[in-house]
Amino acid sequence: MFKKGSKLYSISKFKCPRCHEGDLYKSSLASMQGIYNMHDNCPKCNQDYQKEPGFYWGAMYIGYALSSGYMLSAMVLCIFVFDFTVNQSFATAIVGGFLFVPLVARLARAIWINIYVKYKPSSNKV
Ligand SMILES: [Zn+2]
């Protein structure tokens, strides 16, 4: 969907922000086991994924923004498209929000590291 070399490619595919080849996470989201476990370094280019202790604390802000955006969108969709009451919309958005927690957490980390690491296509050698 997104071209290799763009930040959106790295974020949407959970790939290394530097080489766009190695995986950020040890397992896929579908496996539902150890879904938050990241590699310490890129398996392809050796980019350090743990830049400093507590590096991913900042990803909480990204996760907050993503979750807020989702909640607002879900509420508006439920109220204006499906004609739910406010309480029904809120309940629906919260249930959906819990289902999206793993995806949002992984996306937030991928976005966070993409802010700090630039794409270098020639860095595919370990
Ligand atoms: Zn890499």
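Analyst: Let's start where two helices meet: the buried residues of α2 pack against α3. Contact here means heavy atoms within 4.5 Å, and buried means under 20% relative accessible area, with exposed over 50% and partly exposed in between (1.4 Å probe, protein chains only). This is a predicted model, so local features need pLDDT of at least 70 and side-chain atom pairs count only at pLDDT 80 or more, while totals for chains, interfaces and linings use all residues. Residues are numbered from 1 along each chain as its sequence is written, and side-chain values use heavy atoms, with hydrogens and water left out.

The buried residues of α2 are Ala 59, Ile 62, Gly 63, Ala 74, Met 75 and Cys 78. Helices (H or I, at least four residues) and strands (E, at least two) are DSSP runs, numbered from the N terminus. The 23 residues of α2 should span 33 Å, and the 32 Å between its end C-alpha atoms agrees with that; the expected span is 1.5 Å times one less than the number of residues.

Now cross over to the partner helix. Arg 106 sits in α3, which covers residues 86–116. Arg 106 is buried but has no salt bridge, and Asp 23, the nearest side chain of opposite charge, is 7.9 Å away. Lys and Arg count as positive here and Asp and Glu as negative, while His and the chain ends are not counted. Beyond its neighbours within four places in sequence, Arg 106 is in contact with Phe 14, Tyr 25, Ser 27, Ser 28, Leu 29, Ile 35 and Tyr 36.

What does Asp 23 pair with? Its salt-bridge partner is Lys 15, with the closest N and O atoms 2.7 Å apart. A salt bridge is a side-chain nitrogen of Lys or Arg within 4 Å of a carboxyl oxygen of Asp or Glu. Side chains of opposite charge can pair when their charged atoms come close. Lys 15 is buried at 18% relative accessible area, whereas Asp 23 is partly exposed at 34%.

By this rule the model has two salt bridges. In the other, Glu 21 joins Lys 4, with the closest N and O atoms 2.1 Å apart. Glu 21 lies in the loop between α1 (7–13) and α2 (59–81) and Lys 4 in the segment before α1, so this pair ties together parts 17 residues apart in sequence. Glu 21 is partly exposed at 30% relative accessibility, and so is Lys 4 at 43%.

Finally, there is the metal site. Cys 16, Cys 19, Cys 42 and Cys 45 coordinate the zinc ion through their SG atoms at 2.2 to 2.3 Å. Donors are N, O and S atoms within 2.8 Å of the metal (3.2 Å for Na, K and Ca), and sites may look incomplete because water is not among the atoms. The angles run from 107 to 113 degrees, so the arrangement is tetrahedral, a label given to four donors if all angles lie between 85 and 135 degrees. Along the sequence, the donor residues are spaced C-x2-C-x22-C-x2-C. Cys 19 and Cys 42, both in the loop between α1 and α2, are 23 residues apart and link distant parts of the chain. Cys 19 is buried at 1% relative accessibility, and Cys 42 is buried at 4%.

Definitions and conventions
Tetrahedral: all angles 85-135°; square planar, octahedral: opposite > 155°, others 65-115°.
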